[in-house]
Amino acid sequence: FVRQLGQRVQSEAIIEAIVTLSKSMGFAVTAEGIETEDQLGLVKRLGCDLAQGYFFSPPVTPEQIEAILDISTTPNDSLRAAS
């Protein structure tokens, strides 16, 4: 439905219904497939809690994530070093 946001009124209505239902059940809502800034703005306005998609990054390997985040220690290593 995200792919058609801004092109089909029905897509926005469906997403809004899904978000409303999910929130009423106590779930957090993640919009998947965000490719443009406009799509991100619309899902934010519709109440999505999180978003993912090519707008942020193409899929990456665990090693690439470590490089992106510059992970050099695990949380447990950090705690041991502070002791």
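This is a predicted model: local features need pLDDT of at least 70, side-chain atom pairs count only at pLDDT 80 or more; totals for chains, interfaces and linings use all residues.
A helix here is a DSSP run of H or I with at least four residues, and a strand is a DSSP run of E with at least two. Counted that way, the protein has four helices and two strands.

Let me start with the overall layout. Reading from the N terminus, the order of the elements is α-β-α-β-α-α. The protein has 83 residues, and 20% of them count as buried. Its accessible surface is about 6,400 Å², and carbon and sulfur atoms account for 56% of that. If you take the contacts between residues at least 6 apart in sequence, 31% of them join residues at least 24 apart.

Now the inside. Which residues make up the largest nonpolar core? There are 12 residues in all: Val-2, Leu-5, Ile-15, Val-19, Val-29, Ala-31, Ile-34, Leu-40, Leu-42, Val-43, Leu-46 and Cys-48. Helix 2 supplies the largest share, with three residues. As a general point, nonpolar side chains in soluble globular proteins tend to be buried together.

Leu-5 sits in the segment before helix 1, and helix 1 spans residues 9–24. Is Leu-5 buried or exposed? Its relative accessibility is 7%, and the cut-off for buried is under 20%, so Leu-5 counts as buried. What does Leu-5 touch, once its neighbours within four places in sequence are set aside? The list is Ser-11, Glu-12, Ile-15, Gln-39, Leu-42 and Val-43. One of these, Leu-42, is 37 residues away from Leu-5 in sequence, yet the two C-alpha atoms are 7.7 Å apart in space.

Not counting residues up to four places away in sequence, Leu-40 touches Ile-34, Ala-51, Phe-55 and Phe-56.

Those last two names bring us to the aromatic rings. How many aromatic pairs does a search of the whole structure find? The search finds one. The pair is Phe-55 with Phe-56, arranged edge-to-face, with 5.3 Å from centre to centre and 80 degrees between the planes. Phe-55 counts as partly exposed, because its relative accessibility is 34%. Phe-56 is partly exposed too, at a relative accessible area of 45%.

Ser-22 is placed in helix 1. With 15% relative accessibility, Ser-22 counts as buried. Apart from neighbours within four places in sequence, Ser-22 is in contact with Phe-27 and Val-29.

Next, the charged side chains. Searching the whole structure gives two salt bridges. In one, the side chains of Arg-45 and Glu-12 meet, at 2.6 Å from N to O. Why does this pair tie together separate parts of the chain? Arg-45 lies in helix 2 and Glu-12 in helix 1, so the parts being tied are 33 residues apart in sequence. Arg-45 is exposed, with a relative accessible area of 53%. Glu-12 is partly exposed, at 25%.

Lys-23 counts as partly exposed, with 36% relative accessibility. Asp-49 is partly exposed as well, at 39%.

Last, helix 3. This helix runs over residues 62–69 and is hardly covered. How many of its eight residues are buried? The count is zero. Ile-65 is found in helix 3. Ile-65 has a relative accessible area of 36%, so it is partly exposed. Together with Val-60, Ile-68 and Leu-69, Ile-65 makes a nonpolar surface patch of about 350 Å². Just after helix 3 comes Asp-70, which takes a positive phi of about 55 degrees.

To recap: a nonpolar core of 12 residues, two salt bridges, one aromatic pair, and a helix 3 that is hardly covered.

How values were computed. Residues are numbered from 1 along each chain as its sequence is written. Side-chain values use heavy atoms; hydrogens and water are left out. Buried means under 20% relative accessible area, exposed over 50%, partly exposed in between (1.4 Å probe, protein chains only). Contact means heavy atoms within 4.5 Å. Accessible areas come from the Shrake-Rupley method with a 1.4 Å probe; for residues, only the protein chains shown count as cover. Patches are made of residues with over 30% relative accessible area and no salt bridge: like charges are joined within 9 Å, nonpolar side chains (Val, Leu, Ile, Met, Phe, Trp, Tyr) within 5 Å. A salt bridge is a side-chain nitrogen of Lys or Arg within 4 Å of a carboxyl oxygen of Asp or Glu. Rings of Phe, Tyr and Trp (its six-membered ring) pair if their centres lie within 6.5 Å; planes under 30 degrees apart count as stacked, over 60 as edge-to-face and the rest as tilted. A nonpolar core is a set of buried Ala, Val, Leu, Ile, Met, Phe, Trp, Tyr and Cys residues joined through side-chain atoms within 4.5 Å.
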